[in-house]
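This report walks through one protein chain, from overall make-up to single residues. Keep the sequence and the coordinates open alongside it.

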Amino acid sequence: MMKVAAQNAEVMSSLSLSTSPKSPGPKSPTQTSSLLSEHHHIKAPGGGKSGTAGGVAVRHVRRTHSGKFIRVKKDGAGGKGTWGKLLDTAGESRIDRNDPNYDSGEEPYELVGSTVSDPLDEYKKAVVSIIEEYFNTSDVEVAASDLKELGLTEYHPYFIKRLVSLAMDRHDKEKEMASVLLSALYAEVINSTQISRGFFMLLESADDLAVDILDAVDILALFIARAVVDDILPPSFITKARKMIPQASKGFEVLQTAEKSYLSAPHHAELVERRWGGSTHLTVDEVKKKIADLLREYIDSGDTSEACRCIRQLGVSFFHHEVVKRALVLAMEIRTAEPLIMKLLKQAAEEGLISSSQMTKGFVRLAESLDDLALDIPSAKTLFQSVVPHAISEGWLDASFLKSSGEDGEEPDKNDEKLRRYKEEVVTIIHEYFLSDDIPELIRSLEDLGVPEYNSIFLKKLITLAMDRKNREKEMASVLLSALHIEIFSTEDIVNGFVMLLESAEDTALDILDASNELAFFLARAVIDDVLAPLNMDEIASRLTPNCSGSETVHMARSLIAARHAGERILRCWGGGTGWAVEDAKDKIQKLLEEYESGGVVSEACQCIRDLGMPFFNHEVVKKALVMAMEKKNDRMLDLLQECFGEGLITINQMTKGFSRIKDGLEDLALDIPNANDKFKFYEQHARERGWLLSSFGSPASDATPSVSAS
């Protein structure tokens, strides 16, 4: 070891001399290499040429015990005859994750792909959860708080778009809840600019929404109108948006509908606010269920104060007559509960919770339904007669109830008794119709009653019962009204019936929350179905007290009729609940007549008419057949009408109605068919000869309508 150290020292000394400042110049790599060879007798690898600089080569020199000097690897990892680098092993080095000294930093780097989260996507997912929870809980404060905590205020327009689009595909309750939430969030959480931007995004996506939601245009228009009425959207929004939305898009149609159908209508604010029920609280069915639940809970607990608090919390003071009626029925069903029910009604009356008029209304409604109730509770009438004097004696039922209900012992008038029986019978007839959808059977039942002077009362009862049911029954009532007008009801009967309905609109609203809107739709539908003429609306309005709720309903009906595409909207306002919608039926009639005209068989055409299942609408078959005969100049259609009349498929009333409709529209028809008048005179004469028309049909067309020449 001493010998090796001495030799290394000599080498270092020689190198320092060769590179000293006094030297003529630095040695070249070749010179340095030769010097090392001289001192150590080492032959440089590769023919004596070394690529190592002067002072660096010393580190890589090692001497073996054999006395030979060898060149080793860089960093001393060894070469032939050496031990190798410290901690070096023959095998591959592996990292053991179970080693106590394991360091994850020693792991080799590995690039792993990961999804970059978009704040907007995260926001959209979060707001869906907030909206769904709000629809379930109806808690505006929680929804507002959650939206605040979410932050990302720049994305609030997407919240508005998502809220409205989700509500559009749900029931009226959720639509109303969405409008209420927007009003609550305005200014506090969401500013006006964000609301405008949100609605504009909805207009841009109206075409996509219309694919999934059939009446998307009307619903979105109503949302915009509601936002304007609630003062969260400026009226100028419609004007500005119209300039930015393509005219061919659904969004442009939405703006037109909002402006013309809703915001331009008389009393539009009330109409728009009540379109979805006017309240996020409860629907009529839900209110009835709540009342039934609280009464049963009261019977179990006997806590009168708690029951009164629950009634007050419902917030439907105009519907307290339902509480009275259900409470009395419950007392009849559970005899042991009668003292508790009497105590509750007495306390509610004394506190002013249930008004005198509501109390009386409840008793009146129960008195009217006693006959039906007696089927389930045989002693219902006896029990009711014992409750009434008890309630009057304690002062919580007005004594006038006895006089109004005929309970004071006076002998009822024979006409009143006849009317009462008629009402009972027609209620049964109407209920059977709602179950069977059999119009001919209903007409036969009315004819069997033989009291046409009560036709207007039947109409009132029909619509009143339909309003308290689902859209299917409302549609059935409108279809039936059209059939009755053709068969047995005069226009005067229908006008009188609607006058009676409108005069009692305020009382009807006690039972049916949205009675005013429903009546307006029934009235407008009657005009669209040609049951009433527009002039009949003026007659109805003139017979009502000015500024009453009935007059407002007539104004509302006029607004519905005057709106753009009113015919289609009103015809489908209840979904076309029975079989074919009117427009679909017209289309099918047109197709079957075209098929027959092009060479079809009479029997097949008759079967197609029969399959339509709309005997009350066969006047449309007559009308379209006559028009097609005029256009095609082919009298083959008369053979079809003869066959239908001969089989009894088209009645004389339907045939007369069809001819009347052609006669009324001859002037317009003559614009397209110059010889329409001459053709009609021929068809009328043909029909009279074969007995198709009623004798009261009127004079020939030549007397009623001036002839229009071909020129």
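## Terms and basis

Buried means under 20% relative accessible area, exposed means over 50%, and partly exposed lies in between (1.4 Å probe, protein chains only). This is a predicted model, in which local features need pLDDT of at least 70 and side-chain atom pairs count only at pLDDT 80 or more, while totals for chains, interfaces and linings use all residues. Residues are numbered from 1 along each chain as its sequence is written, and side-chain values use heavy atoms, with hydrogens and water left out.

## Overall make-up

The protein chain has 38 helices and 2 strands. Both are DSSP runs numbered from the N terminus: helices are H or I with at least four residues, strands are E with at least two. Of the 711 residues, 42% count as buried.

Contact means heavy atoms within 4.5 Å. Residues 24 or more positions apart account for 72% of them.

## Nonpolar cores

A nonpolar core is a set of buried Ala, Val, Leu, Ile, Met, Phe, Trp, Tyr and Cys residues joined through side-chain atoms within 4.5 Å. The largest one has 60 residues. F159, F199, I224 and F237 have the most contacts inside it. Helix α9 (residues 216–229) gives the most to this core, with 12 residues.

What does F199 touch, not counting residues up to four places away in sequence? Its partners are I160, V164, L182, F223, I224, A227, L233 and F237. A second, separate core has 58 residues, including L271, I439, L481 and V554.

## Helices α10 and α11

α10 and α11 pack at an angle of about 150°, with their axes 9 Å apart. Axes are lines fitted to C-alpha atoms, for helices over the stretch in contact, and angles run from 0 to 180 degrees between N-to-C directions. The angle makes α10 roughly antiparallel to α11. The classes are roughly parallel (under 35 degrees), roughly antiparallel (over 145), roughly perpendicular (65 to 115) and oblique (the rest). α10 passes α11 in a left-handed crossing, where the near helix is turned anticlockwise from the far one by less than a right angle; clockwise would be right-handed.

On the α10 side, the meeting residues are F237, I238, A241 and R242. On the α11 side, they are F252, L255, A258, E259 and L263. The side chains of R242 and E259 also meet in a salt bridge (2.4 Å, N to O). R242 lies in helix α10 (residues 236–244) and E259 in helix α11 (residues 250–263), so the pair ties together parts 17 residues apart in sequence. R242 is partly exposed, at 24% relative accessibility. E259 is partly exposed too, at 28%.

## Other salt bridges

A salt bridge is a side-chain nitrogen of Lys or Arg within 4 Å of a carboxyl oxygen of Asp or Glu. The whole structure holds 27 of them.

One joins the side chains of E322 and R365 (2.7 Å, N to O). E322 sits in helix α15 (residues 320–333) and R365 in helix α17 (residues 356–368), 43 residues apart. Buried or exposed: which describes E322? E322 is buried, with a relative accessible area of 3%. R365 is buried as well, at 15%.

Another pairs D538 with R558 (2.4 Å, N to O). D538 is in helix α28 (residues 534–542) and R558 in helix α29 (residues 549–562), 20 residues apart. D538 is partly exposed at 39%, and R558 is partly exposed at 29%. Elsewhere, salt bridges that share partners join E322, R326 and R365 into one network.

## Helices α24 and α35

The axes of helix α24 (residues 471–487) and helix α35 (residues 652–664) come within 9 Å and cross at roughly 95°. That makes α24 roughly perpendicular to α35. H485, I486 and E487 of α24 make the contact with N653, Q654 and K657 of α35.

## Two loop residues

D530 lies in the loop between α27 (515–528) and α28. Its phi is positive, about 65°, although D530 is not a glycine. Most residues other than glycine have a negative phi. D530 is partly exposed, at 44% relative accessibility.

G691 lies in the loop between α37 (676–689) and α38 (701–704). G691 is partly exposed, with a relative accessible area of 34%. Leaving aside neighbours within four places in sequence, G691 is in contact with F645 and I652. The C-alpha atoms of G691 and I652 are separated by 8.2 Å, and the two residues are 39 apart along the chain.
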